[in-house]
Amino acid sequence: MKPPSPLSLLFIHLLLLIPTIVTSLSTPQPPTPSPTSSPTPSSKPTSPSTSTLDPKQVIALQSLNIPTSKDPCSQPSFHNATLCDSSKPFRHLISLRLANCSSYVALSFTALKSLSTLHSLQLLNCPVAPIRFPPELIASLTSFTCINSLRKVSGVWLSQLQNLTDLTVSSVQVKASGPYVILGHMNKLKSLTISHANLTGSLPGHLHSNLTHLDFSANQLKGTIPTSITMLDSLEVLNLSSNALSGEIPASIGDLISLKNLSLASNSFSGSIPDSISALPGLVHMDLSSNQLNGTIPKFISQMKGLKYLNLANNNLRGVVPFNATFINRLAVFKVGGNSNLCYNHSVVSSKLKLGISPCDKYGMPVSPPAKDSSADDGSDSDYDDSDEDGSKHKKDHHHGPNKFVLGVAIALSSIVFLIVFLIMCSKCCR
């Protein structure tokens, strides 16, 4: 037999290698990184060995018990937030928030001087002792927040921060004869909150027109609302609740054309609800509860399409509620309870809404004594129907009368007893 030629052997060898070649081609191979290739996006960049923050500010943060093992500009701690600028060779803090401070943290004058690049300083739950701010920090700050911190501050101390655009002081005792002591020279303020501060005196007679947020809630302010407030045509939030303010709500309240939130609750305001409120198209929240307001509820309120929160409870309002169920259901909050002379027309408003007031009788007056909510839904078409009271009385008598079955059984038993006694008496007489 003739041996195979070399060409035949080569052909047979290639046929045997075909499966291996196909398998290798079908399996994707990872690319071989070149020595000069850049790191893949998933690779973590190495953190810098030293902080990019100004060394003086690093020391200041350490004195405030803020960890500085990592760069505070890129990795702030959980409780304390920091924000830095992009200056070189060292960055500087422009925003600092201290929250839930430990009892041994102290705001030293030296540390605050090193932090004089701050534009924003927030103290949240840091009841540390008050400290004098360095002039450099006073000039730099545009936003200052102090909530349940510094134990007690004076109005004179706050008045130094004349470059602020945002001031928030809440749950802190503020010692001042009135708000004007604090605000006399703050001409750049846009947002002002001084609440739960035991602040006394009257509302300031002058306020800068840039204000968009004004909150003096939960203090001891007295007097009336001055025209200086109703002239703030950029004001969006006005909260004067929980004070001792009195007088009428000024008719010029309608000049606050940008107002979205109006809260005058828990004061001693009297008079009627001003018609000028109808000129506030963007009003979303209106709380006039717990005052001494009288008169009727204006019908124009139902035309305020943006309104979502309406609280008129605990006043001296009277008459028929001028709203239908569609308007009431559109509101997230609607309260009118605590107005003894106010009632609702139950042909328009269902008692299932539980408004906290009585339905009206046929004269448009509250039913006396006040009926339960369930009694208003008795199937009649209108509270102004003459037959409504009689029908209600008839149903009430029918409900509370004795049951017919029980009455029948009682009569039958009485008859049987009477018959037995009668027979016994007859048997004795026959003897």
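**Close-up 1. Cysteine 146 has valine 169 of strand S6 as its bridge partner.** The model is predicted. Strand S4 (residues 143–147) and S6 run parallel, joined by five bridges. S6 spans residues 166–170. Four of its five residues are buried, so the strand is mostly covered, with buried meaning under 20% relative accessible area.

**Close-up 2. On strand S8, isoleucine 194 stands opposite valine 169.** S8 covers residues 191–195. Its pairing with S6 is parallel and runs over five bridges. Valine 169 is also the bridge partner of cysteine 146.

**Close-up 3. The open sheet holds 12 strands with mixed pairing.** Their order is S1-S2-S3-S4-S6-S8-S9-S11-S13-S15-S17-S19. Strands S1 (81–84) and S19 (333–335) are at the edges; each has a single partner strand, so one side of each has no neighbour in the sheet. From one strand to the next, the twist averages 10°.

**Close-up 4. Threonine 82 stands opposite leucine 96 in strand S2.** S2 comprises residues 93–99. S1 and S2 pair in the antiparallel sense, over four bridges.

Close-up 5. A search of the whole structure finds one cavity of 30 Å³ or more. Lining residues include Tyr180, Leu183, Gly184, Met186 and Asn187. Leu189, Leu192, His206, Leu207, His208 and Leu211 are also among them. By class, the lining has seven nonpolar and four polar residues. No charged residue takes part in the lining.

Technical notes:
Residues numbered from 1 in each chain as written. Predicted model: local features only at pLDDT ≥ 70, side-chain atom pairs only at ≥ 80, totals over all residues. Heavy atoms only, no water. 1 Å grid on protein atoms, 1.4 Å probe; cavity = no way out; pocket = protein on both sides within 12 Å on 5 of 7 lines; lining within 4 Å. Points joined across faces, edges and corners; volume = space filled by probe spheres on them. Nonpolar A, V, L, I, M, F, W, Y, C, P; charged D, E, K, R; others polar. Buried < 20%, exposed > 50% of the residue type's maximum accessible area, 1.4 Å probe, protein only. Helix = DSSP H or I, 4+ residues; strand = E, 2+ residues; numbered from the N terminus. Pairing = 2+ DSSP bridges. Axes fitted to C-alpha atoms, helices over the stretch in contact; angles between N-to-C directions.
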